[in-house]
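Could you walk me through this structure in the viewer, one selection at a time? I would like to know what to pick next and what I will find there.

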Amino acid sequence: MQYSESGPVSRDEENPFESMKRRFEVAAHYLDLKPGIYDYLIAPEKQVIVTVPIQMDDGTVQVYEAYRVIHNTALGPSKGGIRYAPDVNLDEIKALAAWMTWKCAVVRIPFGGAKGGIKCDPTRLTQVQLEKITRRYTANLLEIFGPEKDVPAPDVNTNSQVMAWIMDTYSMHVQKTETAVVTGKPLFLGGSRGRREATGRGVMLVTMRMMEKIGLAPKEARVIVQGFGNVGSVSASLLHEQGCKVVGISDISGGYYNPGGIDVKKVITYMESHKTLEGFDGADPIDGMELLKQDCDVLVPAAREDQITSKNAPDIRAKIVVEGANGPTTAKADKILDERGILVVPDILANAGGVTVSYFEWVQNRMGYYWSEKDVNKRLKRIMKESFDEVYRLAKDHNVSLRIGAYILGVDRVAKVVRIRGIYA
Ligand code: NAD
């Protein structure tokens, strides 16, 4: 990734917020949004930058910049993950927050959109330092967070332990145990069954639906998955379970390709002990970006933004791209893939399984009654199927890509609520 003064820009010289805006503009055109409503919907409601100082083991003080952006709360409390990474910046968080707004609306859950991040390198921090950073970040954002206001969740480099620290810090300040302030918590602390796998399960469900639409049988489908974290590993595993042949995987250490098929169970076991794919011998090593260009039917980018750009889009050989990650395809790449007849199941639909089960977790916390994994998965399946079908129908009706279909659906639902609520003054 390259950098400008305002943060990272994709290889297509377009920051993620601009990329989001370009798709929003197309949807706004189809929806004939009035200019005022357009401006209101695109602008984040709140952008907070906080300073997070922590004392290191040697007594020195390290200061980190951190963000929380609330994009829109028309539909309900804002919802969105928190990521820890050295290249986190406000533009990226703004784009991710807006995507959360449209995503929640696409799957029709009563949440708005938000996102947060801390500019830090978690691989260079101890557990104690991570806990300090997390607790101070939470304390700085007490006014923002709340079960009825803004509900964080895990994202890149954050997990259920981080959510437990946020929940505990918040609870200490409000002097009661408030589980519903975050989702993605450990199971015994109010987490939902099925949440860990939910995003990957959603990816699998929409992939199966898309394959059905083009008449591709699972046993004929060769899949490449980029990223082997929460989303990538579960997507690969569940697609493998459905009978697809996973021929390529990757993580930050590089790519691994085996046209004969990779034993995904073996990879999961390898990851459990090594915490990296480096050294995995069940496939040939290949450069991570080259992996995306290999022959396959389904490509699942499940790592970070800006992976498919105008530079490599002409070389993508998949029939279907299913966006497990947020924003993995730039707007320029979208156009190229579309012209080449490659179907892209967009992030705001494809990875919405995570926020859907986060919503289930929040509901269960507030009811104090917990569902079985079977119930969670059944409800998730229904929502993913209905959402896919609605997006697919809208895309067909307007003769647009699935991405624009999803934006039309999401933006329209938020715009309708904004119109009916009116503008408070
Ligand atoms: P994670 O931290 O668990 O995993 C990220 C994976 O990507 C790791 O395997 C890492 O090594 C790999 N990676 C990073 N850079 C890479 C590169 N350049 N090439 C190949 N692999 C690379 O994160 P996650 O939770 O799986 O999230 C992945 C993406 O999915 C992000 O875009 C995130 O916003 C999105 N997402 C996550 C969830 C969720 O529930 N976790 C929900 C919706 C969307």
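This is a predicted model: local features need pLDDT of at least 70, side-chain atom pairs count only at pLDDT 80 or more; totals for chains, interfaces and linings use all residues.

**Colour the domains.** Start by selecting residues 44–180 as domain 1 and residues 196–350 as domain 2. Their C-alpha centres lie 28 Å apart. Twelve residues from domain 1 and eight residues from domain 2 take part in the contact between them.

**Show the surface between them.** About 850 Å² is buried between domain 1 and domain 2, with carbon and sulfur atoms giving 55% of that area. Now select W99, K103 and V106: together they supply 49% of what domain 1 buries against domain 2, more than any other three residues.

Three salt bridges are counted between domain 1 and domain 2. For one to zoom in on, pick R83 and E305, which form a salt bridge whose closest N and O atoms are 2.9 Å apart.

**Go to the secondary structure.** On the side of domain 1 that touches domain 2, the elements giving two or more residues are β5 (78–85) and α3 (90–106). Which of the elements gives the most to that side? Select α3, which contributes six residues.

**Finish by colouring by residue class.** The domain 1 side of the contact divides into six nonpolar residues and six charged ones, with no polar residues.

Methods:
Residues are numbered from 1 along each chain as its sequence is written. Side-chain values use heavy atoms; hydrogens and water are left out. Domain bounds come from an automatic or database domain assignment. Contact means heavy atoms within 4.5 Å. Buried area is the accessible area (1.4 Å probe) that two parts lose on being put together, summed over both. A salt bridge is a side-chain nitrogen of Lys or Arg within 4 Å of a carboxyl oxygen of Asp or Glu. Helices (H or I, at least four residues) and strands (E, at least two) are DSSP runs, numbered from the N terminus. Ala, Val, Leu, Ile, Met, Phe, Trp, Tyr, Cys and Pro count as nonpolar, Asp, Glu, Lys and Arg as charged, and the others, Gly among them, as polar.
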